[in-house]
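Work through the exercises below with the sequence and the coordinates open. Each task is followed by its solution in steps.

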Amino acid sequence: MKIFARLLTVSFLVMLCQCKPEAKRIPVKKTAKKNIKKKEVPKLQKSWDSLNSKNAEVFLAAYGKENKETKVLIETKFGAIKLRLYKDVPIHRANFIFLTKINYFNTTVIYRVAKNFVIQGGNSDNLYTQKQRRKYGNYLLKPEFRKNRTHKFGALAAARQWENNPDKLSSPFEFYIVHKRSGAHHLDNEHTVFGEVISGYDTMDKIAKVKVGIDEWPIADIPMTITVLD
């Protein structure tokens, strides 16, 4: 009987458990998977020639590492002048190569012929020339003076403003070649010398004989094209 009574008690307890209301479950909230593609933010495509007055040195330093050429050719109606650019004046070298490759110089002229002194180029009255200057912010270059780079005969150097220019910043667009046989050494450490003539001295002599006005600008324009050789 005791055993029977115990079995009844157990059965009764089991029935009570089964009759309890089901516990209310709290579901784990899952983030609904939405088949929505993320909007791709278009990357700002910077122009490869994003040179401007604020990044000139950084831009040209990087450009120079990718464009290591050191020889260029100036062609005029009087003949050609071949130049070698110095590697130890890296920013001015890179700048000249950059302007040559974008064809900046091809709309400019040799605009100054100072007899027995210098032949100067890189500017013109062409509107495109001025547009190109504005496009790049009329940037300037810090001087790169080197003791071994002097204003000897045939030296290639950067022109610059003398007034209000205590830091002797170079114009990136205008250059000159020393035509004086004994050199122009009073300009050492005043203008950055960044190359030299390696052939075409006879062309320089012909250019030096042209008629010029009181401002030393040739009466007849001397257009030129400059190309990178190697």
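Helices (H or I, at least four residues) and strands (E, at least two) are DSSP runs, numbered from the N terminus. Axes are lines fitted to C-alpha atoms, for helices over the stretch in contact, and angles run from 0 to 180 degrees between N-to-C directions.

The model is predicted: local features need pLDDT of at least 70, side-chain atom pairs count only at pLDDT 80 or more, and totals for chains, interfaces and linings use all residues. Residues are numbered from 1 along each chain as its sequence is written, and side-chain values use heavy atoms, with hydrogens and water left out.

**Exercise 1. Bridges**

Task: trace the pairing from S1 through S2 to S7, and then from S7 to S5.

Solution. Step 1: strand S1 (residues 71-76) and strand S2 (residues 79-85) run antiparallel and are joined by six bridges; glutamate 75 has alanine 80 of S2 as its bridge partner. Step 3: S5 and S7 are antiparallel with three bridges, where alanine 155 has glutamate 196 of S7 as its bridge partner. Step 4: five of the seven residues of S7 are buried (under 20% relative accessible area; exposed is over 50%, partly exposed in between; 1.4 Å probe, protein chains only), so S7 is largely enclosed by the rest of the structure.

**Exercise 2. The faces of H2**

Task: assign the buried and exposed residues of helix H2 (residues 56-66) to its faces.

Solution. Step 1: Ala56, Phe59, Leu60, Tyr63 and Gly64 are buried. Step 2: these residues cover an arc of only 130° around the axis, which puts them on the same side of H2; the arc is that of the directions from the helix axis to the C-beta atoms. Step 3: the face turned away from the buried side carries the exposed Val58, Lys65 and Glu66. Step 4: the buried residues of H2 pack against H3.

**Exercise 3. H2 against H3**

Task: at what angle do H2 and H3 pack, and which residues make the contact?

Solution. Step 1: the angle is about 80° and the axes are 9 Å apart. Step 2: H2 is therefore roughly perpendicular to H3 (65 to 115 degrees; under 35 counts as roughly parallel, over 145 as roughly antiparallel, the rest as oblique). Step 3: the contact (heavy atoms within 4.5 Å) includes Glu57 and Ala61 of H2 and Arg93 and Lys101 of H3. Step 4: leaving aside neighbours within four places in sequence, leucine 60 is in contact with Leu51, Ile91, Ala94, Asn95, Phe98, Tyr139 and Leu141.

Conventions:
Pairing = 2+ DSSP bridges.
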